[in-house]
Amino acid sequence: MTVEAPISMIAVGEELELDIYALAYGGEGIARYKGLIIFVANAFPGDRVRIRVQQVKKRFGRGELLEICHQSKERVAPICQQAEECGGCSWQQLDYPAQLQAKLSFVENAFQHIAHLKQVRVQPVVKSSPHLGYRHKIQVPIQQTAEGIRAGFFQRQTHEVIDVDTCPVQPAVGNHLFRLVRERMTVYGFSGYDEKQQAGQIRHLIIRVGLHTREVMVILVTRCKDIPRLDAFAQDLQKTIPEIVGVVQNINERSTNVILGEDFRVLTGRNFYYEEISGIRYRISAGSFFQINPFQMPHMAEAVLRAAAINANDTVVDLYCGVGFLSLECARHARRVFGIESVPGAIEDAQANKHLNHFSNVEFLAEDAGCGMKLLAEKGLHPDLVVLDPPRKGCADALLEKILEVKPEKIVYVSCNPITLARDAARLTSGGYRIRQVQPIDLFPHTYHIESVVGFIRKK
């Protein structure tokens, strides 16, 4: 039994020397001191560190790393010169095999301690190859300072942008493009965003790149709609980088950390780009979701299909279907597929992708996941398989209840958050299902994030 330390025994501001023995989901190192768990950012298992206590709670504390007294054997030199200050890739200094092992433990611990499913066996993580240059969606904040425009990424735990010339997890064309935008913005007299003053013109640059098509789409997120010479700026970018198939303006006038607003306007070219994954061609519009690591998408589809064990007579419902990636993969094997997605633009893409690839056994509905399931049930549809790919917050209780009411033979849950995945898995297993596969897939090298594919089958 762990004895809790009295709070008075550890004071904020106190300096301690600690051994890091594990990593927490979120990326922090974990140490113990007098029965208290201490979280330390930028520390890895095997490190002995000197910290300054920043926070003390009843069951845990948090410390600022002051010095690495003894370095873990799993520490490596960072790939990026700005790794120490950039908040993007917090695990660059952790050897890649150690990253995979840590991510496996996150998934295992979530099933054991949150879902209380002790017997679930988690497969080894499918590593990303390559683990550099994999990020094919790039979101670059543009900030106005007294010294001029900064374009790069946020400094760790701040809203201050650091200028970045090259990011090793982005493709070469993305690095070229954000350097070009920073340079040309100054030439055109545009201003970056000042969050404190709620002023400036351009808030974010978003770059989306097709791995197999090499097509590039640029999205300029602006604070206001009318910006003189913005069209000419867009045409200049397209002329300089021929791979650009379209430049789109997104207007976000709100004071918010949410990057995109609701209004899109084409400045030049088209408002979508094409990508190809495993022989299927996808149209992807500016506001539609698509995985940032296309190198791993065939592995994701393979894991889903293996968990689904689809037969030729199956009817499939794909919830949170986006532009139809998993819907069309399932349609290669199933009798009928229904894709449900609440974002109208993504459903337009999904419809286009259905026709582009000549699928006749797929239907797409622009509905909330729960409403879509209810509509299909009212029409007498009883799916053999339900595929779920929800956002990080997981599924609403009402949706899980509806799925349990419909009683599909199989469920495949795709998740980017082990915590909410385990919570929802506990609900599904208590509702009459057992887990037959858990396959983590590393879509996000050099970060703590991990994708998982979980197959459920209804108990007889």
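Predicted model: local features only at pLDDT ≥ 70, side-chain atom pairs only at ≥ 80, totals over all residues.

Colleague: Okay. Which residues of β11 are buried on each side?

Modeller: Val216, Val218, Leu220 and Thr222 are buried on one side of β11, and Met217, Ile219 and Val221 on the other. That makes 7 of the 7 residues in the strand, which spans 216-222.

Colleague: Why two sets?

Modeller: In a regular strand, side chains alternate between the two faces of the sheet.

Colleague: What does β11 pair with, and in which sense, parallel or antiparallel?

Modeller: β10 (residues 202-209) runs antiparallel to β11, with 7 bridges. Isoleucine 206 sits opposite isoleucine 219 there. β12 (residues 244-251) runs parallel to β11, also with 7 bridges. In that pair, valine 216 faces isoleucine 244.

Colleague: Where is the positive phi in the β10 and β11 hairpin?

Modeller: At arginine 214, with phi near 65°. The hairpin has 6 residues between its strands.

Colleague: And which helix goes with β11 and β12 in the β-α-β unit?

Modeller: Helix α3, residues 230-240. The unit is right-handed.

Colleague: Moving on to β20. Why is it described as largely enclosed?

Modeller: 6 of the 6 residues of β20 (residues 410-415) are buried, so the rest of the structure largely encloses it. Lys410, Val412 and Val414 point one way, while Ile411, Tyr413 and Ser415 point the other.

Colleague: Which strands does β20 pair with?

Modeller: β19 (residues 385-388) is parallel to β20, joined by 4 bridges. Leucine 385 is opposite lysine 410. The chain gets from β19 to β20 through helix α8 (residues 397-406), in a right-handed β-α-β crossover. β22 (residues 451-458) pairs antiparallel with β20 over 6 bridges. There, valine 414 is opposite valine 453.

Colleague: Different topic. Serine 327: buried or exposed?

Modeller: Serine 327 counts as buried, because its relative accessibility is 0%. Its helix is α5, residues 325-331. Leaving out residues up to four places away in sequence, serine 327 touches Asp318, Cys321, Val337, Gly339 and Phe364.

Colleague: Last one. What lines the second largest pocket?

Modeller: 19 residues, with Leu23, Ala24, Ser105, Phe106 and Asn109 nearest the centre. α1 gives the largest share, 8 residues. By class, the lining has 14 nonpolar, 4 polar and 1 charged residues.

Colleague: How much space is in that pocket?

Modeller: About 410 Å³.

Notes:
Residues numbered from 1 in each chain as written. Heavy atoms only, no water. 1 Å grid on protein atoms, 1.4 Å probe; cavity = no way out; pocket = protein on both sides within 12 Å on 5 of 7 lines; lining within 4 Å. Points joined across faces, edges and corners; volume = space filled by probe spheres on them. Helix = DSSP H or I, 4+ residues; strand = E, 2+ residues; numbered from the N terminus. Nonpolar A, V, L, I, M, F, W, Y, C, P; charged D, E, K, R; others polar. Buried < 20%, exposed > 50% of the residue type's maximum accessible area, 1.4 Å probe, protein only. Pairing = 2+ DSSP bridges. Right-handed = clockwise from strand over helix to strand, strands pointing away. Contact = heavy atoms within 4.5 Å.
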